[in-house]
Amino acid sequence: MAESLPEHERILQEIESTETACVGPTLRSVYDDQPNAHQKFIEKLDACIRNHDREIEKMCNFHHQGFVDAITELLKVRADAEKLKVQVTDTNRRLQDAGKEVIAQTEDIIQSRIQQRNITTVVEKLQLCLPVLEMYSKLKEQMNVKRYYSALKTMEQLENIYFPRVSQYRFCQLMIENLPKLREEIKEISMSDLKDFLESIRKHSDKIGETAMKQAQQQKAFNTVLQKQNNVRYGKNKYINDGIPEPRNEIVSKQNLAVEDEEEEEGHEDEVLTAHDLVDFSPVYRCLHIYSVLGDAETFENYYRKQRRKQARLVLQPQSNMHETVEGYRRYFSQIVGFFVVEDHILHVTQGLITRAYTDELWNMALSKIIAVLRTHSSYCTDPDLVLELKNLIVVFADTLQGYGFPVNRLFDLLFEIRDQYNETLLKKWAVLFRDIFEADNYSPIPVTNEEEYKNVISKFPYQDPELDKQCFPKKLPMSQSVPQIYIQVKEFIYASLKFSESLHRSSTEIDDMLRKSTNLLLTRTLSSCLQNLIKKPHIGLTELVQIIINTTHLEQACKYLEDFITNITNISQETLHTARLYGLSTFKDARHAAEGEIYTKLNQKIDEFIQLADYDWTMVEPDGRASGYLMDLINFLRSTFQVFTHLPGKVAQTACMSACQHLSTTLMQMLLDNELKQISMGAIQQFNLDVIQCELFAGSEPVPGFHGETLQLAFIDLRQLLDLFMVWDWSTYLADYGQPGSKYLRVNPSIALALLEKVHRGMKDLSKKNNLFAQFRKNDRDKQRLIETVVRQLRGLVNGMSQHS
């Protein structure tokens with residue numbers, strides 16, 4: 001019990017000294033102690049309260065008098081306070097009445113200050129907004145006057161500088177929302193301008209190309225003149241008309257051109273239009289800048305390149321009738337040159353819009369198409385003049401584009417293909433000329449009545465004959481009129497071929513070689529074919545054939561002069577070795593051989609015509625005593641013909657004469673052995689022998705000089721031995737000596753003898769039937785027939801032996 005009392009006092013002390021909110025833990029300790037401890041705590045608490053009440057009572061009793069005195073003093077002050085209150089109330093009323101005017105004025109001042117502050121604020125805000133509005137107004141004005149690039153720059157300033165200052169205002173938001181629309185509008189307008197530009201350059205491409213090609217021609221002419229002067233000055237002649245235009249001839253200036261021996265210099269300056277002068281390129285620059293500013297340059301580049309590729313395909317597509325006129329080719333080339341001149345200009349004045357790789361790719365594509373088009377359309381050209389003009393256009397076209405840095409070697413390679421076609425058209429044209437010359441020729445020696453006519457012919461054809469020079473006028477040149485005409489036309493062909501070889505950037509040696517090859521084609525193919533066709537024509541007789549042989553001989557001799565002519569016009573030294581020579585020798589030799597063969601053929605045909613006039617009575621008993629009329633006419637014809645052959649080379653005349661005699665002998669032999677001829681009388685054999693004798697006499701009269709001894713008569717040796725065998729009836733000798741080298745009838749074939757003997761045998765039988773009135777004749781005939789039968793058996797034995805031996 002004694003222990004718990006101090007604990008309760010401690011708790012009461014804590015309660016008194018602790019705040020009310022923290023009493024809980026203290027009170028809880030009361031209940032944590034021994035049972036009924038709270039009762040004791042309450043008792044202790046009541047005792048404590050009583051103590052405090054007593055202390056309060058003592059305190060109040062101690063201060064009561066002072067309190068009473070204070071109340072008394074306060075009651076005394078209340079009366080003064082009432083007076084003071086009245087005074088203060090009156091003073092306040094009077095003060096309120098006096099301050100009403102001040103309050104009114106103060107309110108006015110306050111309102112003015114507020115307005116002034118608002119005005120200041122508005123001015124400050126307007127000062128921020130006015131530059132924005134001014135810039136936006138400037139943007140609208142730039143849009144109206146189509147200064148789109150400046151408008152885009154203004155937009156950038158608005159977005160980066162001005163709009164951030166006034167972004168809180170609604171009008172700024174409207175402007176910000178409107179800028180993308182303006183940008184799209186600018187893109188559309190600039191793209192529309194670009195489309196108009198592309199359409200414009202498509203229309204002006206031919207004019208641009210024409211101007212560029214004209215510049216290239218002027219530059220080439222200038223270089224050619226300058227080169228020729230240098231060649232004359234320094235004695236050089238390496239190239240023929242081989243001027244190459246300088247690269248990028250945007251402006252052609254001709255200055256300091258020496259035109260006099262005193263080396264006076266005279267400046268020539270020609271004002272030349274450029275692509276920029278003909279076409280306004282500002283839409284391209286503007287559109288490129290606009291898309292670059294908008295960050296969409298790649299889109300613009302792709303669109304531009306795509307559209308230009310489409311235009312390139314259109315430009316490269318030729319008209320179907322382009323090959324008909326040179327204007328069609330010129331328009332085609334002008335459009336292509338104009339296209340690539342524009343591309344070259346764009347390449348050099350813009351950065352990144354197109355690249356050199358792009359233009360090279362586009363050019364390679366175009367070049368392949370151009371070459372294919374030219375191959376196709378040039379193949380339709382049949383006029384050499386048109387092909388030549390096409391070549392000149394291709395050269396100018398190539399030189400022009402080469403001046404702008406485009407490779408053109410494939411075009412010059414194409415020119416070599418076209419050159420072959422040009423040569424073909426020339427060959428066709430000259431074939432017509434040759435045919436006309438041959439048709440108009442009279443195939444007789446050229447008569448000249450005076451010196452002037454003689455010199456006129458010699459000036460056209462290189463002919464020299466000292467013996468002819470000694471003769472007096474009038475006289476005849478051995479060749480006919482076609483020879484100098486053919487020679488002149490060959491030279492004209494060489495000139496025409498040279499025209500194509502010019503400006504091909506080839507050396508004189510190469511040009512010389514090309515001329516020789518084309519001339520060889522003219523001689524070996526065209527002229528040779530014309531000669532062969534001429535020789536085969538039915539109306540060409542023996543006299544004409546003889547003249548053709550003479551003509552070809554002189555043309556063959558003139559080939560060396562043609563070689564010298566080619567050498568002179570190409571300025572090649574005589575010491576230069578050529579891989580190609582003129583093949584005129586073989587050409588004219590072949591023609592002569594053909595003419596000679598035709599002479600032999602026509603002679604044989606004439607002989608056949610005369611032979612067809614033969615009208616033998618194969619059953620005649622006695623001969624007429626003279627040669628047949630047809631044969632004498634034939635011999636007279638041969639004599640007159642061979643007299644014409646005196647102008648031919650000796651071997652030709654001799655061969656023709658030998659061929660005619662052999663053919664005559666063969667034809668007479670075939671006449672005897674004709675299967676339709678069943679029987680022959682001895683009288684017919686004797687008459688036939690008279691005709692053969694005339695043939696032998698003709699052969700022995702040396703109709704053509706140069707035969708030795710009886711060489712020509714050997715043509716009739718087979719007939720002679722066969723007829724002698726029947727005339728002499730020397731069968732025993734023939735049969736006995738058969739097969740011996742020294743046999744008298746060595747050239748008589750047993751089968752031929754057998755066939756003729758059988759026909760004679762049948763003739764004798766027929767004759768014996770007519771003479772059956774005379775018994776003596778009948779007995780002689782029977783003996784002769786028995787002899788013939790014996791000879792026939794022996795001849796058959798020889799023929800069978802020959803067949804078995806074979």
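Me: Where does Pro474 lie?
Reply: Pro474 lies in the loop between helix H14 (466-470) and strand E4 (475-477). Helices (H or I, at least four residues) and strands (E, at least two) are DSSP runs, numbered from the N terminus. The model is a predicted one, in which local features need pLDDT of at least 70 and side-chain atom pairs count only at pLDDT 80 or more, while totals for chains, interfaces and linings use all residues. Residues are numbered from 1 along each chain as its sequence is written, and side-chain values use heavy atoms, with hydrogens and water left out.

Me: Is the peptide bond from Phe473 to Pro474 cis or trans?
Reply: The bond from Phe473 to Pro474 is cis, and its omega is near -5°.

Me: Stepping back, how many helices and strands does the protein chain have?
Reply: The protein chain comes to 26 helices and 4 strands. Of its 806 residues, 41% are buried, where buried means under 20% relative accessible area, exposed over 50%, and partly exposed in between (1.4 Å probe, protein chains only).

Me: What about contacts between residues at least 6 apart in sequence?
Reply: Of those contacts in the protein chain, 78% join residues at least 24 apart; contact means heavy atoms within 4.5 Å.

Me: Now the helices. How is a packed pair described?
Reply: Two packed helices are described by the angle between their axes and by the distance between those axes. Axes are lines fitted to C-alpha atoms, for helices over the stretch in contact, and angles run from 0 to 180 degrees between N-to-C directions.

Me: At what angle do H20 and H22 cross?
Reply: Helix H20 (residues 629-644) and helix H22 (residues 682-700) cross at roughly 15°, and their axes come within 10 Å. That angle makes H20 roughly parallel to H22, since angles under 35 degrees count as roughly parallel, over 145 as roughly antiparallel, 65 to 115 as roughly perpendicular and the rest as oblique.

Me: Which residues meet there, between H20 and H22?
Reply: From H20 come Tyr630, Leu631, Met632, Ile635, Leu638, Arg639 and Phe642, which meet Asp691, Gln694, Cys695 and Phe698 in H22. By class, the residues of this contact of H20 with H22 are 8 nonpolar, 1 polar and 2 charged. Here Ala, Val, Leu, Ile, Met, Phe, Trp, Tyr, Cys and Pro count as nonpolar, Asp, Glu, Lys and Arg as charged, and the others, Gly among them, as polar.

Me: And H10 with H12, how far apart are their axes?
Reply: The axes of helix H10 (residues 356-378) and helix H12 (residues 409-440) are 11 Å apart, and the two pack at an angle of about 5°. H10 and H12 are therefore roughly parallel to each other.

Me: Which residues of H10 and H12 meet?
Reply: Asn364, Leu367, Ser368, Ile370, Ile371, Leu374, Arg375 and Ser378 in H10 meet Arg410, Leu411, Leu414, Glu417, Ile418 and Gln421 in H12. The contact of H10 with H12 has 7 nonpolar, 4 polar and 3 charged residues.

Me: Back to H22. Is Gln687 buried or exposed?
Reply: Gln687, which lies in H22, counts as buried because its relative accessibility is 2%. Leaving aside neighbours within four places in sequence, Gln687 is in contact with Tyr616, Met620, Pro623, Asp624, Gly625, Arg626, Ala627 and Ser628.

Me: How far apart are Gln687 and Asp624?
Reply: They are 63 residues apart in sequence and 6.6 Å apart in space, C-alpha to C-alpha. Asp624 sits in the loop between helix H19 (584-612) and H20. At 52% relative accessibility, Asp624 counts as exposed.

Me: Which loop holds Glu702?
Reply: Glu702 is in the loop between H22 and helix H23 (717-728). Although Glu702 is not a glycine, it has a positive phi of about 50°. Glu702 is partly exposed, with a relative accessible area of 42%.

Me: Last one: what is the phi of Trp729?
Reply: Trp729 has a positive phi of about 60°, although it is not a glycine. Trp729 is placed in the loop between H23 and helix H24 (731-737), and is buried at a relative accessible area of 19%.
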